[in-house]
Amino acid sequence: MRRWIIVLPLLLALTSVAQGSGAMRPIALDDLKSIVNVSDAAISPDGSQIAYIISKPDFKADKNRRTLMVYDMHTRASRALTFERTSVSSPAWSPDGAHLAFLSERGAGENATEEIYLLDMRGGDAVPVTQTSRGVQQFAWRPDGRAIAYVTADEPLNKKAIEHHLDAFVVGDQSYKEKEAPSPSHIWLLPIGADGSAGQAARLTQGAWSLPPVAPPSSPSSPLSWAPDGRYIVFSKMETPYYADGDRTTVCVLDTQTRSVRTLTAHGRFEGYGTFSPDGTKIAYWYPYKGDPAAQNDVFVTSASGGNGTDVTASQIDTNVQRAIWMPDSKRLLISGHKGTDAALWIKPLEGPAQRIALGEVQPTQAFWLDASVSNSGAIAFTASQAHHPTELYYMRSPSDTPQRLTSYNDGIAQLDLGRVQPITWQNDGFSEDGVLTYPPGYDPARAYPLVLVIHGGPNSASLTAFSALNQLLAARGWIVFNPNYRGSDNMGEAYWHAIYNDAGAGPGRDVMAGIWAVEKNVHVDARRIGVSGWSYGGFMTSWMEGHYHIWNAALAGAAVNNWIDEYALSDNNVSVRFDFGGSPWTGTRMEQYLAQSPISYAGNITTPTLILSDTGDARVPITQSYEMFRALRVHHVPVRFFAYPVSGHYPSDPVRALDVQRRWVDWFAEHLK
């Protein structure tokens with residue numbers, strides 16, 4: 001099951017490139033204008049080609065231009081398959097490798113929808129093969145290559161009434177930003193001819209229930225998975241289409257011939273991400289440790305005929321699983337998760353101990369989902385970064401192979417004078433804890449340096465020794481940057497993850513302070529110049545730290561959870577927040593718990609100059625909470641500035657505003673840490 005609280009914005013680990021820059025100089029803000037992001041690694045069934053996507057910003061148009069690429073393992077060269085679309089994602093090879101399907105926008109303006117396009121790898125242009133009213137959310141090739149199953153939302157039952165402005169809707173467990181009730185999403189089947197031509201799509205499922213929607217930033221929607229015989233599809237079924245009702249999700253199997261649906265297990269809720277083994281005899285799926293919704297994701301494996309099966313990760317890997325991919329022999333799983341300050345991969349045999357894959361300094365991209373795929377021979381294609389090199393495409397012939405970097409889009413920035421990155425560990429409250437330090441270029445241990453904390457969001461995420469443009473930008477200004485992990489982070493096992501239950505700020509706050517003391521033992525920190533910052537749950541931690549500790553000279557709170565009552569009542573997470581507090585704020589004495597763990601309750605203690613940033617259309621952490629803190633700080637005459645970005649989403653997704661966030665982040669500390 002997914003973790004239902006606030007997740008870290010991906011852009012805080014922005015990947016960038018400074019093409020053609022060979023000079024040994026520190027990174028500058030303008031270097032981020034040549035960002036190349038590499039994503040969506042999809043290896044062909046025979047392992048001979050890897051499809052992937054590169055994204056570059058167009059600052060004049062304020063859009064990200066995305067290009068579908070293919071890397072040929074024989075020629076060791078890449079070529080473009082599409083050219084600078086504003087939308088392209090989810091490349092997927094046909095089982096014979098002759099065609100490549102992907103999602104891209106069809107239409108223009110408000111009428112544009114995400115549709116499936118098909119590309120004949122023998123030549124020709126990409127052709128749209130679906131035309132839905134509400135867009136395709138995900139799809140999967142049938143094993144014979146003669147059909148594609150896809151998911152799309154139904155049209156509202158009162159569509160005609162809506163057209164006449166009779167559009168009042170019944171409110172359920174949804175964000176206050178929504179303008180309509182969500183429609184159920186269902187599975188359709190699209191026949192595909194041998195030549196790539198598409199037939200007439202047919203509906204396979206229907207009803208008031210729904211396949212799970214996706215609400216970024218988070219894992220993608222639980223994928224469709226075909227049995228090798230092409231008759232059955234395993235999928236996740238929610239009782240309602242409301243995102244916050246995701247606890248009521250079960251793994252089910254659809255018979256595409258009879259269109260009947262059966263439930264796989266007896267758990268009744270908290271399930272997801274079911275996948276058939278290549279031989280069709282087993283199904284792997286996510287379920288929280290011991291069925292506790294406040295616990296981390298584990299992987300269970302059961303018979304395709306049904307049953308709860310066995311937890312295969314808890315005792316040996318003990319990590320919050322980001323993804324589980326079957327290996328071709330159906331006897332092993334590729335497991336991803338965070339371990340310490342690494343993005344780790346394991347091979348887990350169904351019988352026998354887990355084996356961690358040796359990746360060296362390579363950090364696979366797995367912000368809530370591993371960006372990887374496996375060929376029929378067991379070769380692995382994935383995207384990853386290193387501490388001093390942004391994201392590229394990587395390849396391993398087998399799990400025992402050394403990772404090979406296949407692309408060099410971001411070599412320019414790797415040649416800059418970047419700050420040294422290293423993990424740091426400490427002990428607190430009986431926990432072994434860790435974090436990441438980034439030193440200024442040319443660091444002199446005899447000097448005292450300002451310290452800037454950048455606290456990760458989630459809270460179920462982790463600070464890793466992966467590339468971070470923000471950390472390097474801050475370090476380039478002559479500051480030591482500290483990314484502390486804290487209880488609730490997903491890198492130290494279930495006990496550490498679960499320790500944040502009903503202790504949103506106090507325990508994590510002690511962890512962060514203990515981390516600062518550990519830093520001060522290792523480096524010479526100028527105690528007169530310490531800043532704290534973060535986005536999302538990192539913003540929450542920033543507000544909490546300001547209200548409880550008084551060592552800060554400046555603070556930046558981005559999209560901060562300041563009021564858990566607002567988060568419960570107004571966000572897209574809404575009622576699912578109860579799993580972190582033991583119930584609703586309107587039951588028993590829990591209102592006191594919610595308020596006691598809300599930073600807004602301690603606003604009167606804050607004296608730190610604070611910069612507040614938020615999106616007006618943020619459904620994950622509604623901007624109301626930023627307004628509340630802004631008003632409170634002004635009443636108490638605390639120096640505060642508040643910038644609101646007039647866009648939707650949890651973090652600005654366009655390049656101009658994303659760069660502006662980075663600029664304001666650096667400038668605020670430059671002003672206050674003089």
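A: A residue counts as buried under 20% relative accessible area, as exposed over 50%, and as partly exposed in between, with a 1.4 Å probe and protein chains only. By that scale, buried residues make up 61% of the 674 residues in the chain.

The model is predicted: local features need pLDDT of at least 70 and side-chain atom pairs pLDDT 80 or more, while totals for chains, interfaces and linings use all residues. Numbering runs from 1 along each chain as its sequence is written, and side-chain values use heavy atoms, with hydrogens and water left out.

The chain holds 11 helices and 37 strands, both being DSSP runs numbered from the N terminus (helices H or I, at least four residues; strands E, at least two). Its radius of gyration is 24 Å, close to the 26 Å of the globule rule for 674 residues, so the chain is as compact as a globular protein of that length; the radius is taken over C-alpha atoms, and the rule is 2.2 Å times the number of residues to the power 0.38. Along the principal axes, the C-alpha atoms fill a box of roughly 70 × 60 × 55 Å. Of the contacts (heavy atoms within 4.5 Å) between residues at least 6 apart in sequence, 58% join residues at least 24 apart.

The part to examine is an open sheet of four strands in the order E9-E10-E11-E12, with antiparallel pairing. Strands E9 (136–141) and E12 (202–203) stand at the edges with a single partner strand each, so one side of each has no neighbour in the sheet. Two strands count as paired if DSSP finds at least two bridges between them. Strand E11 (residues 185–191) is joined to E12 by two bridges, and the two run antiparallel.

Between helix H1 (159–163) and E11 lies the loop with His 165, a residue other than glycine whose phi is positive, near 70 degrees. His 165 counts as exposed, at 65% relative accessibility. The loop between E12 and strand E13 (225–226) contains Pro 217, and the peptide bond from Pro 216 to Pro 217 is cis, with omega near 0 degrees. Most residues other than glycine have a negative phi, and most peptide bonds are trans.

Strand E3 (residues 63–72) and strand E4 (residues 77–80) run antiparallel and are joined by four bridges, with Met 69 opposite Ala 80 in E4. Four residues lie between the strands of this hairpin, where Arg 76 takes a positive phi near 55 degrees. Ser 90 is not a glycine either, yet has a positive phi of about 55 degrees. Its place, however, is in strand E5 (residues 88–93), and Ser 90 is partly exposed, with a relative accessible area of 32%. A further cis peptide bond runs from Gly 458 to Pro 459, with omega near 0 degrees. Pro 459 lies in the loop between strand E32 (449–455) and helix H3 (469–476).
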